Each structure stands twice: as structure tokens, then as C-alpha cells.
Amino acid sequence: MNLRAIKSIYVFEMSRWFRTIMQSILSPVISTSLYFIVFGAAIGSRMTDIEGVEYGSFLVPGLIMLMLLTQSTANASFGIYFPKFVGTIYELLSAPVSYFEIVCGYVGGAATKSILLGLIILATAYLFVPVHILHPLWMVTFLVLTAVTFSLLGFIIGIWADGFEKLQLVPLLIITPLTFLGGSFYSIDMLPPFWQTVTLFNPVVYLISGFRWAFYGLADVSITTSLVMTFVFLAACLTVVARIFQTGYRLKS
Amino acid sequence: MQSVISVTHLSKTYAARPPRQAAFEALKNVNLEIRRGEIFALLGPNGAGKTTLISIVCGIVTASSGQVLVDGHDNVKEYRAARAKIGLVPQELHTDAFETVLKTVSFSRGLWGLAPNPAHVEKVLRTLSLWDKKDNQVRALSGGMKRRLMIAKALAHEPQILFLDEPTAGVDVELRKDMWNLVRQLRASGVTIILTTHYIQEAEEMADRVGVISKGSLILVEEKAVLMRKLGKKQLALHLTTKLDAVPAALAAHRLELAAEGSELVYSYDTQAERTGITALLQDVASVGIRFNDVVTKESSLEEIFVSLVRRDPAERRP
Ligand SMILES: Nc1ncnc2c1ncn2[C@@H]1O[C@H](COP(=O)(O)OP(=O)(O)OP(=O)(O)O)[C@@H](O)[C@H]1O
Ligand SMILES: [Mg+2]
């Protein structure tokens with residue numbers, strides 16, 4: 001293992017982030033705050049509690065997930081797309097590093113960023129609504145697993161994309177709808193039965209459900225199912241990444 | 001002695017990208033041995049396949065067939081061992097605009113798995129006159145400085161083999177000299193250097209051996225000195241005391257040319273020929289009564305050799 005290479009990539013990625021730390025943190029924090037004000041305080045006050053949890057509090061895990069998913073994909077896809085775009089990828093391809101090491105560096109960097117952001121948003125939530133965390137360890141587990149999985153997805157998107165439009169298209173067309181329809185703002189059993197079934201095909205449901213369970217002990221699906229589905233998704237992303245590197249897809253001519 | 005790089009039956013066809021781009025055969029069965037510690041110059045016109053060849057050895061482009069051994073290591077199966085020895089300075093300037101010079105250079109060292117060594121990095125940056133720019137963002141460098149930064153990045157990880165793909169493009173005369181001095185120093189310290197250049201004088205001045213590639217085929221590999229002797233035409237010019245209007249009929253057999261508005265008679269001969277015909281020529285010139293005050297001989301440069309070689313290639317049809 002070329003650990004130094006992983007560290008170099010990781011540090012490089014993090015320093016890119018710190019260079020623009022204000023934008024990187026400010027915009028997600030502001031937008032979640034707005035969600036809390038609008039959905040938590042304004043609309044939430046008219047909503048009944050969900051299984052004994054105040055609606056504003058109910059929102060917290062969903063909103064963190066929403067940010068986690070979008071930021072992980074955005075960070076990771078940009079992280080690998082950029083060297084491709086400016087051409088500095090030549091150095092990665094000619095260095096004595098394995099694909100696995102490259103992925104560790106980039107995905108590790110992107111996941112770290114979104115985990116930090118998730119924690120910052122959690123802290124922000126405390127300002128607006130009562131929050132308690134029943135299973136902190138599980139909360140962290142889901143946070144990390146989700147960040148890693150979606151950073152991998154982002155990495156795939158970044159390699160696949162051959163233009164900035166595509167880089168934004170996937171998050172816009174796929175990630176955002178999946179998160180919005182994945183129960184960020186509601187409990188699945190608030191939906192009509194047909195849509196409940198449809199929703200079960202959405203991987204994000206399992207992430208949000210598991211994450212919310214870690215907070216309040218409420219879950220749409222069992223925690224085991226959540227965990228299994230998360231790992232299935234993680235494995236799927238890993239397989240695709242491995243294939244990409246084996247074939248040199250979009251990396252080598 | 002074992003070659004430091006051994007390329008065998010290497011071919012590369014770039015895949016077609018329908019609808020616009022057809023498949024393109026950029027390298028055709030290239031065989032090449034690079035000797036340890038030499039400076040090898042790869043010459044060839046635009047689009048000949050120089051960058052493609054370098055990119056395959058370095059692992060950036062995948063070969064369609066053939067094999068590359070770097071110090072005995074297959075560059076695909078044992079890519080780690082192979083790449084660890086190689087430093088690459090690509091033709092294009094690819095840089096991270098927003099990072100500082102020092103950080104990008106240190107990054108390269110880390111990527112090759114070497115422990116941080118600020119003293120080495122400083123030495124490299126000083127040699128390339130970049131030390132006082134070390135805290136600048138890369139985008140704040142001039143083009144020539146960026147080119148040197150690319151060299152610094154490659155040297156940061158102490159390669160044993162250095163590929164320089166047109167390293168002096170966009171570098172001013174003064175710095176170009178510095179750069180060649182650096183290349184000589186590197187060679188003296190045992191580094192093997194493979195370079196491509198469009199400035200043929202540079203190959204002529206620097207290289208131990210020269211390879212000429214044209215349309216994807218390596219058409220010649222030769223010691224520079226041998227090449228120049230073998231293909232070199234020499235010219236003998238007689239500076240005349242009085243101008244001539246035409247070459248006298250008595251000298252027609254020597255196929256002379258009149259140059260410099262009639263004040264020079266030029267004779268071309270092949271250095272490899274058994275008889276150069278110089279003695280006979282000088283006798284005839286004297287007997288016709290032509291007087292001359294100077295004799296100059298001139299060897300054809302690598303550039304001339306190169307141009308004649310590429311022209312000779314039947315596939316080559318220039319507009
Ligand atoms: N990625 C690619 N896809 C398709 N064709 C390519 C690709 N890269 C290079 N080629 C083609 O392969 C041929 C050789 O290109 P290459 O860059 O190796 O030439 P070169 O000898 O380095 O030329 P130059 O002196 O201009 O740098 C060219 O005809 C080029 O158009
Ligand atoms: Mg080239």
C-alpha cells in the first residue's frame with residue numbers, strides 16, 4: 001500500500017476545501033436553516049407530532065441526510081472531474097498508485113467533508129429545535145456509511161461526466177428527487193399504500209430511516225434492513241469503481 | 001548491459017469515436033531499447049506518435065499490443081515497480097491553478113510514496129529558478145515558469161528515468177541553456193533521459209542517440225555521431241577572388257554549383273564514399289586558372305538529415 005500517496009491526495013483534497021471553506025460551509029448551513037425556519041417553525045407548528053416526535057425534530061435527520069447526499073456526490077464528483085478537466089490527471093495515472101489508493105484518497109476526502117458538514121448542520125439544528133440522539137454510535141455509523149457510499153457514487157459520476165452539465169445533471173435528476181421522495185420530510189406511512197411500495201425501491205429510504213432510528217428510535221423499515229441495504233448500495237458502487245479502473249473507462253485512451 | 005527501457009512490438013490504435021472520429025493507428029510495431037544513463041532524443045514531425053509512445057510507457061495510454069519493460073518490470077503487470085522509476089514532464093502544461101508552487105511539488109513527491117524531504121524539494125526548485133515563487137499560486141506563474149514547475153514536479157520524486165516531452169517549448173533562450181545544463185547534470189548523476197524536441201539543434205547538441213519516428217513507425221535509431229557521419233553530406237566551398245558568371249564547362253563533370261552571387265563554388269560530396277573527388281577537383285580548378293582565397297567545408301546538420309529522412313519516407317506526402 002502506498003499510504004503516503006493516499007495521504008497526499010487526501011490532504012490535497014482537504015486543502016482545496018479549506019481554501020473555499022466559507023462557501024463550502026455557509027451555503028449548506030444557510031439552506032438547512034431556511035428549511036428549519038420554513039418547515040420546522042412555520043409549517044411544523046401546524047403539524048401533529050409524528051409518533052411522539054415534534055415535526056421540527058423529526059426533520060433533523062432527514063435534512064442532515066439531504067445535505068450529506070448532495071454534498072458527498074457534489075464534492076466527490078468535482079474532486080475527480082477537475083483533474084480530468086484541467087489535465088493534471090496525467091500525474092495520477094503515471095504514479096505508482098493503485099486504483100484503490102486513488103479512490104481512498106478522493107472518496108476519503110469527499111466523505112470527510114460531508115461528515116464535517118453533517119455535524120455542523122446537526123449543531124445548527126440544536127439552535128432551532130429540540131434534538132436528542134438515542135443511539136449516537138449508530139448515528140455516526142450511518143453518517144459515515146452514507147457519506148462514503150455517496151462519495152463513491154459521486155466519484156463514478158465525476159469519471160463518467162465529460163462536461164460540467166453532466167456533472168450537475170445527475171445530482172439534479174437523480175439524487176435530489178431520491179432524497180426528497182425518500183422520506184426526508186415525512187414518514188413513509190403517511191403515503192398511500194401504492195407509493196409506499198414504490199418508495200421501497202428508493203435506496204435513500206433505507207438510509208434516512210436508519211439514520212432517523214438512531215435519533216428517535218423511529219423507523220420506516222427495520223434497522224437491519226437499513227444496514228443491509230446500505231451495504232448493498234456500497235458494494236454496488238465499489239463494483240462499478242473497480243470496473244471503471246480495470247477498463248480505464250473515460251480515464252485512458 | 002540490460003536496457004533500462006525495452007519496448008517490443010508496440011502498437012497503438014486510438015479507438016474510433018463515432019460519428020466524427022475514425023480509429024487512428026498512432027504507433028505501428030515499435031521496437032526500441034533505451035540504454036541506461038543515456039540521453040535519447042526522439043524526433044519526428046507533428047503527429048508522428050512521440051507523445052503516444054511516451055504516454056504508453058508512463059501508463060497514461062493503454063497499448064493495443066506489445067510490451068514495455070521498465071528496468072525489467074512489465075509496465076502493466078508490475079506497474080508499481082515500473083512507474084516508481086519514471087518521472088514524466090508532459091508536453092501540455094497541466095497544473096493546479098489555485099495551489100501554491102511548493103504544495104504542488106510536494107504533492108508529486110507524496111504521490112510517489114516518498115517521505116517528505118524539504119531539502120530536496122528546495123534544491124529542485126532552486127535549480128529551476130522557482131524558489132522565490134514557491135508561495136505563489138500556480139496561476140500566477142508565466143508559461144515558461146509553469147513548464148519548469150512541471151519539471152520540478154517530476155524531479156521531486158527523484159526518478160531514475162526522466163521523460164521530457166518538448167521541455168523547452170515556450171522557454172526563453174537563457175533558461176533553455178540552464179535547462180540543458182540541468183539535463184546534463186541529471187545524466188551525470190545516472191538518470192536516463194528521453195526527450196522529444198522540435199529544436200533539432202538541441203538533439204544535436206544534447207543527445208547520445210537519436211530515434212526518428214514518422215507516421216507511427218520508428219524509422220531509425222542511431223548513435224548521433226554515427227547518424228551524422230552516415231547520412232551527412234559535406235560541402236566544400238571555394239571562395240573565389242573574382243566572381244564568375246557561370247561554372248566553366250571544363251568543370252562540368254564535378255557538378256559544381258555557383259553560390260553567393262558567383263563568388264563561391266560549392267562542391268557536395270559524400271563523406272562515406274571511397275573517393276571524395278576533392279583532389280581531382282582542386283587540380284581541375286587550378287588548371288582552368290580559377291583562383292580562390294579560402295576553402296570552407298560544412299557538414300549537414302541533424303536538422304537537414306532529419307528533413308531528408310522524413311521526406312524520403314514514401315508514405316510522407318507533404319502538401
Ligand atoms: N487521444 C487520442 N485519440 C485519438 N487520436 C489521438 C489521440 N492522441 C493522439 N492521437 C493521434 O495520434 C497521432 C500521434 O499523436 P502524438 O500526440 O503521439 O504525436 P506527437 O508525435 O507527439 O506530435 P507533436 O510533435 O505534435 O507533439 C496524431 O495523429 C493524433 O491525432
Ligand atoms: Mg507530442
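The largest cavity in this predicted model holds about 80 Å³ of space. It is one of 5 cavities of 30 Å³ or more that a search of the whole structure finds. Its lining is made up of B:Ile5, B:Val7, B:Leu32, B:Ile34, B:Phe40, B:Leu42, B:Leu53, B:Ile54, B:Val57, B:Phe163 and B:Ile194. Four elements of chain B, namely β1 (5-14), β2 (24-34), β3 (39-43) and α1 (50-58), each supply at least two of the lining residues. The most comes from α1(B), which gives 3 residues.

Several of these elements belong to, or pack on, a sheet of chain B. This sheet is open and has 4 strands in the order β2-β1-β4-β5, with antiparallel pairing. Its edge strands are β2(B) and β5(B) (73-74), each of which pairs on one side only. Between β1(B) and β2(B) there are 7 bridges in the antiparallel sense. One of the residues of β1(B) that lines the largest cavity, B:Val7, has B:Leu32 in β2(B) as its bridge partner, and B:Leu32 is also in the cavity lining. The antiparallel pair β1(B) and β4(B) is joined by 5 bridges, and here B:Ser11 has B:Ser65 in β4(B) as its bridge partner. Between β4(B) and β5(B) there are 2 bridges, again antiparallel, with B:Val70 opposite B:His73 in β5(B). The helix α1(B) lies across β1, β2 and β4 (65-70) of chain B and runs at about 115° to β1(B).

Most residues other than glycine have a negative phi, and most peptide bonds are trans. The bond that joins B:Pro18 and B:Pro19 is a cis peptide bond, with omega about 0°, and B:Pro19 lies in the loop between β1 and β2 of chain B. B:Asn29, which is not a glycine, has a positive phi of about 45°; this residue is found in strand β2 of chain B. A positive phi near 50° is taken by B:Asp71 in the hairpin of β4(B) and β5(B), where 2 residues lie between the strands.

The second largest cavity holds about 70 Å³ of space. The residues that line it are A:Ile50, A:Glu51, A:Phe58, A:Ser187, A:Asp189, A:Ser209, A:Arg212, A:Leu218, A:Ala219 and A:Asp220.

The contact between the two chains involves 24 residues of chain A and 30 residues of chain B. About 2600 Å² is buried between chain A and chain B, 57% of it on carbon and sulfur atoms. On the chain A side, the residues that lose the most area to chain B are A:Phe12, A:Tyr90 and A:Pro96, which together account for 26% of what that side buries.

Residues of both chains also line the largest pocket, which holds about 1200 Å³ of space. Of the 43 residues in its lining, those nearest its centre are A:Leu251, A:Ser253, B:Tyr14, B:Ile60 and B:Val61. At least two lining residues are supplied by each of α3 (55-86) and α4 (89-94) of chain A and by each of β1, β2 and α1 of chain B. Here too α1(B) gives the most, with 5 residues. The lining of the largest pocket divides by class into 19 nonpolar, 14 polar and 10 charged residues.

The second largest pocket holds about 570 Å³ of space. It is lined by 23 residues, and the closest to its centre are A:Gln71, A:Ala74, A:Asn75, A:Ser77 and A:Phe78. The elements α1 (3-19), α2 (21-43), α3 and α7 (164-180) of chain A each supply at least two residues of this lining. By class, the lining has 9 nonpolar, 10 polar and 4 charged residues.

Definitions and conventions
Residues numbered from 1 in each chain as written. Chains lettered and ligands numbered in written order. Predicted model: local features only at pLDDT ≥ 70, side-chain atom pairs only at ≥ 80, totals over all residues. Heavy atoms only, no water. 1 Å grid on protein atoms, 1.4 Å probe; cavity = no way out; pocket = protein on both sides within 12 Å on 5 of 7 lines; lining within 4 Å. Points joined across faces, edges and corners; volume = space filled by probe spheres on them. Pairing = 2+ DSSP bridges. Contact = heavy atoms within 4.5 Å. Axes fitted to C-alpha atoms, helices over the stretch in contact; angles between N-to-C directions. Buried area = accessible area lost by both parts, 1.4 Å probe. Nonpolar A, V, L, I, M, F, W, Y, C, P; charged D, E, K, R; others polar.
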